[in-house]
Amino acid sequence: MKSYIENFKKYRFLLWELVKKGVKLKYRRSYLGILWTLLEPLMTMIVLSVVFGTLFGNKDPHFPVYILCGRLMYSFFSSATNGAMKAIRTNAGMIKKVYVPKYIYPVTKVLSASINMVLSMVPLLLVTIFYGLFNGLYIRWSILLLPLALIFVISFAVGMGFLLSSLMVFFHDVEFLWGVISTMWMYATPIIYSTGMLERSGAGWLAKVMQFNPLYHYVTFVRTIIIDGCSPAISEYFICAICSLVMIIIGGTVFKKTQDQFVLYI
């Protein structure tokens with residue numbers, strides 16, 4: 001662990017440069033640039049709110065904020081894991097020529113996505129303030145817990161990124177398989193629906209199965225902070241922390257055991 005910390009300090013400048021490069025490349029040749037980070041969540045929220053709120057008769061006055069919380073969490077997770085998955089292969093030239101701790105590459109992809117997520121929190125807070133004027137939804141002291149929620153989901157994404165980037169080196173089909181899995185994962189996470197809707201529709205067993213979905217707990221953590229305006233239950237802190245820790249241990253272990261063979265396959 002000490003060597004990892006020392007390497008992290010030694011290469012922190014490179015890490016930061018790669019993170020900045022990742023953010024810039026995402027919006028290269030875009031007129032609005034990073035403003036899309038603010039506009040895209042709002043546009044998606046409006047569309048989903050109209051479709052699932054107005055047309056499907058959802059009467060929850062906080063539904064747009066509910067959607068936005070779930071959408072931002074999943075969008076980050078999807079972007080971070082997809083970027084981290086390809087990190088080793090896309091940096092094959094540098095890995096073969098210059099020694100850099102290989103774990104830096106997937107980590108930079110996750111951190112780049114994290115910056116976009118943090119910026120996306122601006123429209124979330126603006127929408128919350130706007131709805132507070134009409135529906136009694138106010139930003140309360142619980143907002144101070146939001147950074148902790150982000151740390152949980154970022155840590156989970158780092159662990160998943162280690163695992164996927166390792167597998168991607170040896171099995172190219174992982175990219176296509178992960179596309180299917182991540183789509184299924186999105187529908188298995190209550191982004192546009194709630195567990196209450198499942199119970200009312202007679203699918204209460206799905207709500208129970210969902211308890212094993214880490215993203216469910218991360219999304220619920222954020223919604224409790226923003227919409228309910230209070231701290232999540234102690235059990236939610238424990239579950240989120242354990243999921244993140246376990247994923248980092250699994251992903252980190254696989255990455256460490258396979259990284260010396262990367263140069264033979266990339």
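Guide: Welcome! Two rings of Phe, Tyr or Trp (its six-membered ring) make an aromatic pair if their centres lie within 6.5 Å; planes under 30 degrees apart are called stacked, over 60 edge-to-face, and the rest tilted. This is a predicted model, where local features need pLDDT of at least 70 and side-chain atom pairs pLDDT 80 or more, while totals for chains, interfaces and linings use all residues. Residues are numbered from 1 along each chain as its sequence is written, and side-chain values use heavy atoms, leaving out hydrogens and water.

Visitor: How many aromatic pairs does that rule give?

Guide: The count comes to 13 aromatic pairs. One of them is formed by Phe156 and Trp185, with 6.3 Å between the centres and 90 degrees between the planes.

Visitor: How do you know whether Phe156 is buried or exposed?

Guide: Buried means under 20% relative accessible area, exposed means over 50%, and partly exposed is in between (1.4 Å probe, protein chains only). Phe156 has 2% relative accessibility, so it counts as buried. Trp185, at 15%, counts as buried too.

Visitor: Why is the pair of Phe255 and Phe262 given the name it has?

Guide: Their ring centres are 5.4 Å apart and their planes meet at 75 degrees, so this pair is edge-to-face. Both Phe255 and Phe262 are buried.

Visitor: Which residues form one aromatic cluster?

Guide: Phe77, Phe156, Trp178, Trp185 and Tyr218 do.

Visitor: What makes Arg223 count as lying over the face of Tyr66?

Guide: A charge sits over a ring if NZ of Lys or CZ of Arg is within 6 Å of the ring centre and within 35 degrees of the ring normal. Arg223 is 3.4 Å from the ring centre of Tyr66 and lies over its face.

Visitor: How many helices and strands does the protein chain have?

Guide: There are 14 helices and 0 strands. Helices (H or I, at least four residues) and strands (E, at least two) are DSSP runs, numbered from the N terminus. Of the 266 residues in the protein chain, 47% are buried.

Visitor: How do you know how the span of helix α4 compares with the one expected?

Guide: The expected span is 1.5 Å times one less than the number of residues. Helix α4 (residues 63–85) has 23 residues and reaches 33 Å from its first C-alpha to its last, close to the 33 Å expected. In α13 (residues 234–258), 25 residues reach 37 Å, close to the 36 Å expected.

Visitor: Why is α4 called largely enclosed?

Guide: Of its 23 residues, 18 are buried, so the rest of the structure largely encloses it. Ser78 is found in α4 and counts as buried because its relative accessibility is 19%. The C-alpha atoms of Ser78 and Met186 are 9.0 Å apart, though 108 residues separate them along the chain.

Visitor: Which residues make the nonpolar surface patch of about 340 Å²?

Guide: Val122, Leu126, Ile129 and Ile139 make it. Patch residues have over 30% relative accessible area and no salt bridge; like charges are joined within 9 Å, nonpolar side chains (Val, Leu, Ile, Met, Phe, Trp, Tyr) within 5 Å. The areas come from the Shrake-Rupley method with a 1.4 Å probe, and for residues only the protein chains shown count as cover. Leu126, in helix α7 (residues 104–135), has 53% relative accessibility and so counts as exposed.

Technical notes
A salt bridge is a side-chain nitrogen of Lys or Arg within 4 Å of a carboxyl oxygen of Asp or Glu.
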